[in-house]
Amino acid sequence: MTKPSLPELLHAAVTAVGGTERPGQAAMADAVAGAVDDHSHLLVQAGTGTGKSLGYLVPALAHGERVVVATATLALQRQLVERDLPRTVDALHPLLRRRPQFAMLKGRSNYLCLHRLHEGVPQEEEEGLFDQFEAAAPSSKLGQDLLRMRDWADETETGDRDDLTPGVSDRAWAQISVSSRECLGASKCAYGAECFAEQARERAKLADVVVTNHALLAIDAIEGAPVLPQHEVLIVDEAHELVSRVTGVATGELTPGQVGRAVRRAAKLVNEKAADALQSASEGFERVMELALPGRLEEVPEDLGYALMALRDAARTVISALGSTRDKSVQDEDAVRKQALASVETIHGVAERITQGSEYDVVWYERHDRFGASVRVAPLSVSGLLREKLFTDRSVVLTSATLKLGGDFNGVGASLGLAPEGTAGDDIPQWKGLDVGSPFDYPKQGILYVARHLATPGREGSRTDMLDELAELVEAAGGRTLGLFSSMRAAQAAAEELRGRLERPILLQGEETLGELIKNFAASPETCLFGTLSLWQGVDVPGASCQLVVMDRIPFPRPDDPLMSARQKAVEEAGGNGFMAVAATHAALLMAQGAGRLVRATGDKGVVAVLDPRLANARYGSYLRASLPDFWYTTDRNQTRRSLAAIDAAAKAEEK
């Protein structure tokens with residue numbers, strides 16, 4: 001029997017999921033197959049509606065080697081495991097003469113821990129453990145969640161938090177889950193044979209396709225202890241998110257509360273001298289943090305340096321002592337000891353990292369209204385780490401609807417540690433960029449309107465002209481508006497102002513769960529939804545409920561963001577343009593994602609309105625506009641209102 005061709009396989013898969021074959025999808029599948037065959041790397045931009053999941057799954061499954069697919073969002077992981085993969089495997093099975101297996105793998109804390117569930121949570125102030133089910137009042141929300149999780153534990157096959165519906169709070173989940181550092185290990189745990197996390201790992205070892213998330217991919221790359229099974233092909237979907245997810249995993253933090261918890265956990269398990277030293281270091285650190293003012297620390301202040309060295313040394317002593325003493329009076333001592341060790345090791349690691357003072361790290365103070373002050377440390381760049389850990393020994397495909405910024409892939413490529421496309425060299429990963437376009441006719445389906453006449457937004461203060469413009473646009477559109485704001489304060493101010501002016505319902509992020517808000521927004525065309533960061537990329541509402549997407553300003557990073565400003569300065573010191581490489585790239589990615597909320601289906605029409613004149617007037621405006629979908633562009637406010645009114649009238653006629 002002859003080997004089936006890629007077009008045959010793609011046709012079978014698209015038919016199975018009830019989709020439509022698109023030229024962009026076929027071009028993507030062909031490029032992915034080529035990259036996998038010659039062990040090279042590919043950055044592929046595939047617009048909304050291309051069907052990019054099948055564009056990479058079909059050639060990857062046809063190749064026959066193990067593939068890891070890493071995504072940023074839970075929604076896409078679910079879509080892959082519950083819809084795309086089962087149907088694709090069924091469709092390809094007769095043609096490939098084999099049935100590829102697939103599995104989902106997440107970090108350990110995403111799975112129910114049977115030891116925690118049955119033996120209880122290590123208690124900090126008391127010896128031993130306490131029963132969280134008895135401690136929580138049955139009538140409280142926490143108590144009800146715990147009882148529901150105990151029942152669920154008897155029914156679930158996966159133990160995966162995301163399979164528990166409705167979900168529970170982080171606080172409730174923490175009662176029945178452990179981090180990888182707190183885990184006793186399957187061989188030492190009484191429940192090791194039934195462990196959900198271990199079962200997930202075993203399934204992943206046997207699977208041809210392993211679906212995971214960016215965070216676990218980062219842990220696998222950074223920590224050196226392999227979490228993912230060996231694989232020949234890595235596909236990173238939603239790749240525009242990868243750098244920030246990897247940065248998050250590589251960021252360390254210390255707070256007085258966290259240090260205090262570690263002291264309490266370790267106190268009963270080590271000798272008095274070691275416990276007192278850690279307690280004393282904890283108090284010294286707390287005193288320093290009381291005076292901490294937010295901002296970057298170009299050099300570690302003397303008082304903080306001393307406090308961290310004391311913490312580091314005391315933590316090291318406690319770690320040694322925890323390994324050598326045993327106390328049989330402590331109930332389930334191994335679990336108590338493991339939790340204490342995990343929290344003290346974290347403190348030791350972060351304190352040592354900051355006191356060593358690498359030129360490749362950025363250190364800063366943060367202050368949170370609820371949690372107080374913290375000191376944080378993050379890598380100045382993750383590009384070297386990604387180049388070394390990601391692009392060796394396997395073929396990597398990175399895909400997203402937004403990878404081509406300002407007209408090429410080099411900006412995103414640089415953030416991933418890649419030299420400009422086409423650069424030759426022995427140790428330089430070879431890659432190709434491909435834009436397969438979109439099935440949508442952007443110039444006919446959408447308008448990009450820039451409110452050129454408005455005042456340039458300042459750092460703070462009311463923008464009455466912007467709010468007037470916003471109210472007029474919302475009225476012209478008949479509601480149907482997704483408002484994307486650069487800060488929560490701006491979103492709240494706009495919602496408050498427009499609720500007083502307009503007769504339309506305005507939903508505000510934070511007043512209900514995100515899922516509920518999006519559902520209500522989609523259900524009622526007159527409704528508006530205002531919010532911040534997660535709405536810029538988390539909303540998929542095709543149809544007439546979203547015909548106007550408004551951005552209040554260009555979403556540059558805050559000037560006082562310690563990590564972004566440090567990265568910008570580093571680029572400038574190396575002779576580059578720090579503003580374009582960091583701030584403009586950050587803004588371009590967010591704007592491209594935000595503008596992508598407008599057209600989600602072939603029949604969608606509407607306006608993306610940017611209420612920031614810099615997009616039209618500033619030199620970098622053309623770079624940002626080149627990063628957006630190719631909408632028809634205008635600065636004519638009257639034309640925009642007429643278009644919105646016509647789109648609204650057409651939608652109303654259809655709704656009758």
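User: What makes you say that helix α23 lies across a set of strands, and which strands are they?

Analyst: Helix α23 covers residues 562-573 and lies across β9, β10 and β11. Its direction is at about 155° to that of β10. Angles here run from 0 to 180 degrees between N-to-C directions. Please keep in mind that this is a predicted model.

User: What is the order of the strands in the open sheet of four strands, and how are they paired?

Analyst: The order is β8-β11-β10-β9, and the pairing is antiparallel.

User: Why do β8 and β9 stand at the edges?

Analyst: Each of the two, β8 (252-254) and β9 (295-296), has a single partner strand, so one side of each is left without a neighbour in the sheet.

User: How do you know that β9 and β10 pair?

Analyst: Two strands count as paired if there are at least two bridges between them. β9 and β10 have two bridges, in the antiparallel sense, so they meet that cut-off. One place to look is G295, whose bridge partner in β10 is Y365.

User: What joins strand β10 to strand β11?

Analyst: Eight bridges join β10 (residues 361-368) to β11 (residues 372-379), and the two strands run antiparallel. With at least two bridges needed for a pair, eight bridges are enough, so β10 and β11 count as paired. D361 stands opposite P379 in β11. The chain passes from β10 to β11 through a hairpin of three residues.

User: What is the order of the strands in the open sheet of seven strands, and which are the edge strands?

Analyst: Here the order is β16-β17-β15-β18-β19-β14-β20, with parallel pairing. The edge strands are β16 (506-508) and β20 (632-634), as each pairs on one side only. From one strand to the next, the twist averages 15°.

User: How do you know that the span of helix α24 agrees with what it should be?

Analyst: At 1.5 Å a residue, the 18 residues of α24 (residues 578-595) should span 26 Å. The end C-alpha atoms are 25 Å apart, which agrees. Even so, α24 has a kink of about 35°, centred on A584.

User: Why is α24 called largely enclosed?

Analyst: Of its 18 residues, 14 are buried, so the rest of the structure largely encloses α24.

User: What makes N577 a cap for α24?

Analyst: A side-chain oxygen of N577 lies 3.2 Å from the backbone nitrogen of F579, at the N-terminal end of α24. A polar contact needs N or O atoms within 3.5 Å, so 3.2 Å falls inside the cut-off.

User: Why is T640 called buried?

Analyst: Buried means under 20% relative accessible area. T640 has 1%, so it is buried. T640 lies in helix α27 (residues 637-655). Leaving aside neighbours within four places in sequence, T640 is in contact with Y449, L473, V607 and T634.

User: Is D393 buried or exposed, and what about R480?

Analyst: D393 has a relative accessible area of 77%, and exposed means over 50%, so D393 is exposed. R480 is at 1%, so R480 counts as buried. D393 is in the loop between α16 (383-390) and β12 (395-400), and R480 is in the loop between α19 (464-477) and β15 (481-484).

User: What is the phi of D393, and of R480?

Analyst: D393 has a positive phi of about 65° although it is not a glycine. R480, also a residue other than glycine, has a positive phi near 50°. Most residues other than glycine have a negative phi.

User: What makes the peptide bond from T165 to P166 cis?

Analyst: Its omega is near -10°, and the bond is cis. Most peptide bonds are trans. P166 lies in the loop between α7 (141-155) and α8 (170-174).

Note on methods. Residues numbered from 1 in each chain as written. Predicted model: local features only at pLDDT ≥ 70, side-chain atom pairs only at ≥ 80, totals over all residues. Heavy atoms only, no water. Contact = heavy atoms within 4.5 Å. Expected span 1.5 Å × (residues − 1). Bend = angle between axes of the 7 residues up to and from the residue. Buried < 20%, exposed > 50% of the residue type's maximum accessible area, 1.4 Å probe, protein only. Polar contact = N/O pair within 3.5 Å; in protein donor to acceptor, adjacent residues only side chain to side chain.
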